[in-house]
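Could you walk me through this structure in plain terms?

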Amino acid sequence: MICVAGVRLQLPTAPPTYSIYSSIFPLRRGRGLTGLKNLGNTCYMNSILQCLSNTPQLTEYCISDKYKNYISRSNKTNGQVIEEVAALIKELWNGQYKCVASRDLRYVVGQYQKIFRGVDQQDSHEFLTILMDWLHSDLQTLHVPRQREMISASEKAWLEFTKAKESMILHLFYGQMKSTVKCVACHKESATYESFSNLSLELPPNSNVCQLNQCMDMYFSGERIHGWNCPSCKTKRDAIKKLDISKLPPVLVVHLKRFYADPSNSGLYMKKQNYLRFPLENLDMNPYIARAESRAVTPKTYQLYAVSNHYGTMEGGHYTAFCKSANYGKWFKFDDQVVSALDSSNVVSSAAYILFYTWLPPMQVPL
């Protein structure tokens, strides 16, 4: 048994038997090393699903059927998304198939978001953000009573976001950002709080090679804004707006803003091909956290376990995933239906698009 953010996860004692996806390519593979068939430009979806499948705590939650105890039927997706994700993850981890097809999951997500219905290429970051929201709302049944009358502004904002009902997805992937605006004249501060499931970072301009900490520094450095209505000065003032993390998630997802509208080219979307260097071990988030979070006992250092990659341009591109297997302790490349071993020296590349980090202790996914 393992506990994540107060949720106890019971390890399964026997393998479940599911056959929703079992009719394709019956060639036995290692657990978690099953590929996903491309159903017509669905590589963006396959890339994200493999990254989530290699999130051990989420995968164990699905394989053990623990998720069934927390499904909400009163939301937009009626619990269907978590059911299809769980069914697919079970097939990816039963070790019996070289490749499976996620047709049922694709059909369900297409019912709730029409851009995922057709065969056009979509953005893996957009898919991930929407999927996280659906999975959270599908499992948002954990009642969290308010512990005391007097709570901090960040705790109040968190309760307003969750409506006092949380989920395993929230506990794993969601953090909270503090936005502070400070008047340059009287130094009056105003703070607001917003929850996030991933960080979207700009890449440094005019830099072919850059470091992840450069992107972090740009995001959290603060910016000068004009015409802020200072509540103390009672007039418009210049102010400094700064972001800090007020609540770190156990799984930190970092999105790199590679696509942008080029005003010199009729606003057409272009891709930044920067080669980004990012750590596989010991990503230190201490410089970017708010004072209250710095006093918390939760870890502040993360390890990389998955990458969603994008190759090519806006006109023609392809997604893959690099994932470190919890069972084998090695990196693998997931390229739709093809899964192959990957040397750790090849994980960092100019194709990196979304990075998955965690501070949770390593665990194997049992079957």
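In which strand is Gln176 found? Gln176 is found in strand S7. Before going further, keep in mind that this is a predicted model.

Let's stay with Gln176 for a moment. Its relative accessibility is 3%, so Gln176 counts as buried, the cut-off for that being under 20%. Leaving aside residues up to four places away in sequence, Gln176 touches Ser154, Ala157 and Trp158, then Tyr193, Glu194, Ser195 and Phe196, and finally Asp244, Ile245, Ser246 and Lys247.

The largest pocket holds about 1100 Å³ of space. It is lined by 40 residues, and those closest to its centre are Ser154, Glu155, Gln176, Ser246 and Lys247. Several elements give two or more residues to that lining: helices H6 (153-162), H7 (168-173) and H9 (291-294), along with strands S7 (175-183), S8 (189-196) and S12 (235-247). What is the make-up of the lining, in nonpolar, polar and charged residues? It divides into 20 nonpolar, eight polar and 12 charged residues. So if you're looking at the pocket on screen, Gln176 is a handy place to start, because this residue is among those closest to the pocket centre and counts as buried at 3% relative accessibility.

Next, the aromatic rings. A pair of aromatic rings is described by how far apart the centres are and by the angle of the planes. The count here comes to 13 aromatic pairs. One of them joins Tyr112 and Trp134, which sit edge-to-face at 6.3 Å centre to centre, with 65° between the planes. Tyr112 lies in helix H4 (residues 103-112) and Trp134 in helix H5 (residues 124-138), so this pair ties together parts that are 22 residues apart in sequence. Trp134 counts as buried, because its relative accessibility is 5%.

Tyr219 and Phe220 give another example. Their ring centres are 4.9 Å apart and their planes are at 80°, so this pair is edge-to-face. Is Tyr219 buried or partly exposed? Tyr219 counts as partly exposed, because its relative accessibility is 26%, whereas Phe220 counts as buried at 3%. There is also an aromatic cluster, formed by Tyr44, Phe116 and Phe127.

Tyr44 leads us to helix H1, where it is one of the buried residues. Why is helix H1 (residues 43-53) described as largely enclosed by the rest of the structure? Because 11 of its 11 residues are buried.

The buried residues of H2 include Pro56, Gln57, Glu60, Tyr61 and Cys62. Just after H2 comes Asp65, which takes a positive phi of about 65°.

Let's finish in a loop. Pro205 lies between strand S9 (199-202) and strand S10 (209-211). With a relative accessible area of 59%, Pro205 is exposed, because the cut-off for exposed is over 50%. What separates the C-alpha atoms of Pro205 and Asn274, in Å? They are separated by 9.2 Å, although the two residues are 69 residues apart along the chain.

Key. Residues numbered from 1 in each chain as written. Predicted model: local features only at pLDDT ≥ 70, side-chain atom pairs only at ≥ 80, totals over all residues. Heavy atoms only, no water. 1 Å grid on protein atoms, 1.4 Å probe; cavity = no way out; pocket = protein on both sides within 12 Å on 5 of 7 lines; lining within 4 Å. Points joined across faces, edges and corners; volume = space filled by probe spheres on them. Helix = DSSP H or I, 4+ residues; strand = E, 2+ residues; numbered from the N terminus. Nonpolar A, V, L, I, M, F, W, Y, C, P; charged D, E, K, R; others polar. Buried < 20%, exposed > 50% of the residue type's maximum accessible area, 1.4 Å probe, protein only. Contact = heavy atoms within 4.5 Å. Phe/Tyr/Trp six-rings, centres within 6.5 Å; stacked < 30°, edge-to-face > 60°.
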